[in-house]
Amino acid sequence: MEPKFNFQNTKPVAVVAPTVSTKLEFTDYLGAIKVRWDIGRNNYRVNPGLYKVGKPNNQSDVLVSCNYKLSFDHLRKNLSGLNAWILVIDTKGVNVWCSAGKGTFGTLNLVKSIRENALDLMVSHRKIIVPQLAATGVAAHKVMELSGFSVIFGPVRASDIKPFIEAGYKATSPMRKMDFPFGERAKLIPVDLMYRKYALLGILIGIFFLSGLDKTGFLFSKMAGTCMCPLINILGAYVAGIVLAPLFLPWTPFRSFSMKGAFWGTVITLLIGLGFKTPLLEWITFLMINLSISSFMMMNFTGSSTFTSLSGVQKEMKVAVPLQLIFALLGIALFIVFKLLQP
Amino acid sequence: MQYLRNVVTLKLNPELCNGCRMCTMVCPHAVFEIVHKKARIIDINDCMECGACALNCQSGAITVKSGVGCAAGILNGILKGSEANCDCGNN
């Protein structure tokens, strides 16, 4: 007679979890620079699963992370000297906060990952440290209900994890607060510069051709000769909305981001106008085009910022988007009219 | 840093609050404090409607219409006729 074997009670004999270093390599830094410039950013991932840092045992802490490699690297480089498990869940290569907002770093995905990686067999305790910013997608009481693991929300920043653990899993109030300092804002600028590069290129080419407009048609020599001032205006507006307004965010007047963008668009247009000694009517034309660009670009920075609400963005967009459209169309129309009127 | 005033949809019903402090732990902008074992909103204009508090409020004392506070996401939603949704990570 065959022995009865209950498959439901089988346990894995050995689970191999790869060990990761807490020191980043040159390729990790290079990878970080690339994704900051939007190169392969949507496919910069680590395999979901369980990882070791140091030599963890069944008493060691479990830190949960997303599978965006930039975030994962940032976490592990802050864990030197610790023996811990890292449970990486599949967030489609998106960072913790954004994936939690979308629900991929969510309760069900986390519970699924706990089961798939047999976490209840790997550790004898029943607690996991989840980044605080994942709380937008992870309901701690539901995770407890579904998996038996109690969620401890860790600090906002990975650099606070060691003091957080040392203090007995207690976060001080600054550890719980998301700020948005100059350096953090600066890091986001390259991606935003690259994000609309084709739109920018399209506008630049369009303006280049329009510069050659004449009563008789398009003249190439005129394009080359007169395109400089309008092209610099467009580039200036782009930089105003993507570089200046985000960098000087807290010191720029107005609360609405589209107005902050418009502010820097005006400043840049003034400076360029003075530089080129642009006649007033032509300057107003540039101002209209520039305001629509700088204001639109800065409005998009709401997505990168850490403190804008959906209701607020919807409110400002109701006013800003129609104005941006009107200014852009009116500006281009005036630009063409001036070209045709020129002797 | 604070965004537009008097727009957010965050609501707290202190009668339902059981004083578990979860909202004070998950809020990234320190919107809540606990006074006499009940949560209290310090400055509602600090709220960014991320929804972490409402999701982690076991007693259902907090409600907020949360979503991506991102202009590109909202435009995306309008163009595709869906909810506001950023295109990051949808491939």
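Student: How are H10(A) and H12(A) oriented to each other, roughly parallel or roughly antiparallel?

Tutor: In this predicted model, H10(A) and H12(A) are roughly antiparallel to each other, because angles over 145 degrees count as roughly antiparallel and helix H10 (residues 197-211) of chain A packs against helix H12 (residues 228-247) of chain A at an angle of about 160°, with their axes 9 Å apart. Helices here are DSSP runs (H or I, at least four residues), numbered from the N terminus, and the axes are lines fitted to C-alpha atoms over the stretch in contact, with angles from 0 to 180 degrees between N-to-C directions.

Student: Which residues in H10(A) and H12(A) meet?

Tutor: Leu200(A), Ile203(A), Leu204(A), Ile207(A), Phe208(A) and Ser211(A) in H10(A) meet Pro230(A), Leu231(A), Ile234(A) and Tyr238(A) in H12(A), where contact requires C-beta atoms, placed from the backbone, within 7 Å. By class, this contact has nine nonpolar residues, one polar and no charged, with Ala, Val, Leu, Ile, Met, Phe, Trp, Tyr, Cys and Pro counted as nonpolar, Asp, Glu, Lys and Arg as charged, and the others, Gly among them, as polar.

Student: Switching to the chains, how many residues of chain A are in contact with chain B?

Tutor: There are 39 residues of chain A in contact with 35 residues of chain B, and H15(A) gives the most to chain A's side, with eight residues. That side divides into 16 nonpolar, 17 polar and six charged residues.

Student: And what about the numbering and confidence limits?

Tutor: Residues are numbered from 1 along each chain as its sequence is written, while chains are lettered from A and ligands numbered from 1 in the order written. Local features need pLDDT of at least 70 and side-chain atom pairs count only at pLDDT 80 or more, whereas totals for chains, interfaces and linings use all residues.

Terms used. Two residues are in contact if their C-beta atoms, placed from the backbone, lie within 7 Å. Helices (H or I, at least four residues) and strands (E, at least two) are DSSP runs, numbered from the N terminus. Angles under 35 degrees count as roughly parallel, over 145 as roughly antiparallel, 65 to 115 as roughly perpendicular and the rest as oblique.
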